[in-house]
Amino acid sequence: MNIKLLGLLGAAVLFAGCTKTAEVKTPVNMKAKNYAEALRSADKSCKVDEDCTSVNKGCCMCAGKEAVNKEAAAALQPFFVKECDRAACTLQMCYVAIETSCQNGTCVGTPKPYKNYFVK
């Protein structure tokens, strides 16, 4: 076989091995230093309302809620548990619940109406 042809085939094999493979997108930055950083990186993409849920913005419920993709919420859980396992929070009632929905392909949260906190 021609040496030039072998060299060309070898170069093609090496080039194919060096091409960038598709990156696997994770729902959060798993190398985040803390919960807040992981939350900032959380995936908020969606197709339907059911793709979205809410997570705490911080260890205490008065920190508020953030709308994220359900897979991102599951990936955030270990960060939350690690950071907030022994957090000292007050037991006061905070009106911070949100209702999540999918709007233009992004999970968004709107404050739950105050009147919806009470059972009639």
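User: Why does Cys-46 count as buried?

Analyst: Keep in mind that this is a predicted model. Buried means under 20% relative accessible area, and Cys-46 has 10% relative accessibility, so it counts as buried.

User: What makes Cys-46 and Cys-102 a disulfide?

Analyst: The sulfur atoms of Cys-46 and Cys-102 are 2.0 Å apart, and the cut-off is a pair of cysteine sulfur atoms within 2.5 Å. The torsion about their S-S bond is about 95 degrees, so this disulfide is right-handed. Cys-46 sits in the loop between α2 and β1, while Cys-102 is in strand β3, so the pair ties together parts 56 residues apart in sequence. Cys-102 is buried too, with a relative accessible area of 17%.

User: How many disulfides are there by this rule?

Analyst: Three disulfides. One of them joins Cys-52 to Cys-107, with an S to S distance of 2.2 Å. With -85 degrees about the S-S bond, the link of Cys-52 and Cys-107 is left-handed. Cys-52 belongs to strand β1 and Cys-107 to strand β4, so this pair ties together parts 55 residues apart in sequence.

Another joins Cys-59 to Cys-84, where S to S is 1.9 Å. Here Cys-59 is in the loop between β1 and β2 and Cys-84 is in helix α3, 25 residues apart.

User: What makes the pair of Tyr-35 and Phe-80 edge-to-face?

Analyst: Ring centres must lie within 6.5 Å, and planes over 60 degrees apart count as edge-to-face. The rings of Tyr-35 and Phe-80 have centres 5.4 Å apart and planes at 65 degrees, so the pair is edge-to-face. Tyr-35 is in helix α2 and Phe-80 in helix α3, 45 residues apart.

User: How do you know that Tyr-35 is buried?

Analyst: At 3% relative accessibility, Tyr-35 falls under the 20% limit, so it counts as buried. Phe-80, at 18% relative accessibility, counts as buried as well.

User: Which residues touch the most other members of the largest nonpolar core?

Analyst: Val-28, Tyr-35, Val-55, Val-68 and Leu-76 do, in a core of 15 residues. Helix α3 gives this core its largest share, seven residues. Apart from this core lies another, of six residues, including Cys-52 and Cys-102.

Methods: Residues numbered from 1 in each chain as written. Predicted model: local features only at pLDDT ≥ 70, side-chain atom pairs only at ≥ 80, totals over all residues. Heavy atoms only, no water. Core = buried A, V, L, I, M, F, W, Y, C linked by side-chain atoms within 4.5 Å. Buried < 20%, exposed > 50% of the residue type's maximum accessible area, 1.4 Å probe, protein only. Helix = DSSP H or I, 4+ residues; strand = E, 2+ residues; numbered from the N terminus. Phe/Tyr/Trp six-rings, centres within 6.5 Å; stacked < 30°, edge-to-face > 60°.
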